[in-house]
Amino acid sequence: MCSAIKIASSLLQPLESGAAAASSPSTSSSTILFPGDNHNRSKNLALPSFKWRLVVSYDGTRFSGWQYQPSIPTVQCILEQALTRITKLERKDLQLVGAGRTDAGVHAWGQVAHFITPFNFDTLDGIHRSINGLLPSDIRVREISAAAPEFHARLSVISKTYEYKVYNDTIMDPFQRLYAYHSIHKLNVDAMRDAAKYLTGKHDFSSFANASKDRRVSDPVKSILRFGVIQMGPILQLEVEGSGFHYRQVRNMVGLLLQVGREAVPPDIVPKILESCDRKQLAKYALPVPANALSLKTVKYKEEHLHLPPGSPMTSFGMHHSIRKCKLPCF
């Protein structure tokens with residue numbers, strides 16, 4: 001099983017005002033399996049269900065990606081352990097879903113997920129504090145809010161933005177080593193920008209897609225809305241926003257752009273590789289880059305999908321702690 005959360009029970013703060021089972025116009029009914037049933041049977045009662053949206057940030061260094069796997073630590077696994085402990089629900093009842101399946105070693109600033117409970121919360125500050133109290137320090141829930149029944153963390157996505165960080169200098173900054181790729185070759189940034197323009201737009205990206213046994217084959221045509229190459233001293237930030245991405249597509253595109261930046265291949269090699277629709281053609285010119293420099297920055301949804309349902313608690317962004325006045329006598 002994935003790594004258990006080891007933490008003192010005192011860290012689990014009580015949920016403020018408890019959980020209310022009252023339904024509202026924004027809820028839907030579902031069959032709930034009650035944990036702890038002595039006869040291991042489900043009670044098929046139509047109870048209201050409430051959907052909750054999370055914005056999650058994590059350092060992916062020690063995790064085998066986002067997606068749940070029973071034998072190795074993943075971000076979803078650790079987050080589900082915290083949620084099951086707090087809500088007393090089983091993971092199959094929580095139905096936790098993430099916006100994107102980040103690979104092993106990939107980080108996230110704005111991963112989005114949703115889960116479901118058969119009860120409402122009067123306030124979200126308490127559960128927010130409790131979740132982060134149970135999570136390890138390299139995973140944090142930055143935001144929690146109520147979600148409309150039609151919202152789906154993965155299926156409702158309009159676009160996702162990834163960032164790949166390159167450190168372009170002769171000597172690697174040790175403080176960047178875990179989160180940036182070191183390129184000792186002096187990169188031609190203008191040529192990289194020219195190459196990125198060819199990738200922008202609607203294309204068949206089969207040439208940039210790796211095969212994967214555990215991922216469904218999707219439509220090879222994707223839309224790249226923006227591909228920026230931003231230089232800040234020795235750091236290059238490659239930011240790509242798209243309607244969706246194939247398995248390892250971003251890292252494969254970055255690998256080719258780095259070859260263009262090294263002036264090993266010209267920028268106009270990009271449309272030729274795209275037209276081939278053959279992953280082997282890309283392999284002739286570039287290798288994929290490491291995962292540690294890649295981060296999922298933001299996930300975009302339609303505005304109406306982010307509206308709070310009527311009667312729902314306010315969104316929680318975390319609470320600041322305050323220090324009370326010292327009552328000891330001053331000498």
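Predicted model: local features only at pLDDT ≥ 70, side-chain atom pairs only at ≥ 80, totals over all residues.
Biologist: Which residues have the most contacts inside the largest nonpolar core?
Modeller: They are Leu79, Leu238 and Met253, in a core of 78 residues. Helix H5 gives the most to this core, with 7 residues.

Biologist: What does Leu79 touch?
Modeller: Leaving aside residues up to four places away in sequence, Leu79 touches Leu54, Val56, Trp66, Leu96, Ile131, Leu135 and Val141.

Biologist: Turning to strand S12, how many of its residues are buried?
Modeller: In S12 (residues 235–242), 8 of the 8 residues are buried, so the strand is largely enclosed by the rest of the structure. One side carries Ile235, Gln237, Glu239 and Glu241, and the other carries Leu236, Leu238, Val240 and Gly242.

Biologist: In which sense does S11 pair with S12?
Modeller: Strand S11 (residues 221–232) pairs with S12 in the antiparallel sense over 8 bridges, and Gln231 stands opposite Leu236. In their hairpin, with 2 residues between the strands, Gly233 takes a positive phi near 65°. Strand S8 (residues 157–168) also pairs with S12 in the antiparallel sense over 8 bridges, with Tyr167 as the bridge partner of Ile235.

Biologist: Now helix H6: which residues there are buried?
Modeller: Ile269, Val270, Ile273 and Leu274 are buried in H6 (residues 269–276). Seen down the helix axis, the buried residues fall within an arc of 135°, so they line one face. The face turned away from that side carries the exposed Lys272 and Glu275.

Biologist: What do the buried residues of H6 pack against?
Modeller: They pack against helix H4 (189–199), strand S10 (201–204), helix H5 (249–261) and helix H7 (279–283).

Terms used:
Residues numbered from 1 in each chain as written. Heavy atoms only, no water. Buried < 20%, exposed > 50% of the residue type's maximum accessible area, 1.4 Å probe, protein only. Helix = DSSP H or I, 4+ residues; strand = E, 2+ residues; numbered from the N terminus. Arc of directions from axis to C-beta. Contact = heavy atoms within 4.5 Å. Core = buried A, V, L, I, M, F, W, Y, C linked by side-chain atoms within 4.5 Å. Pairing = 2+ DSSP bridges.
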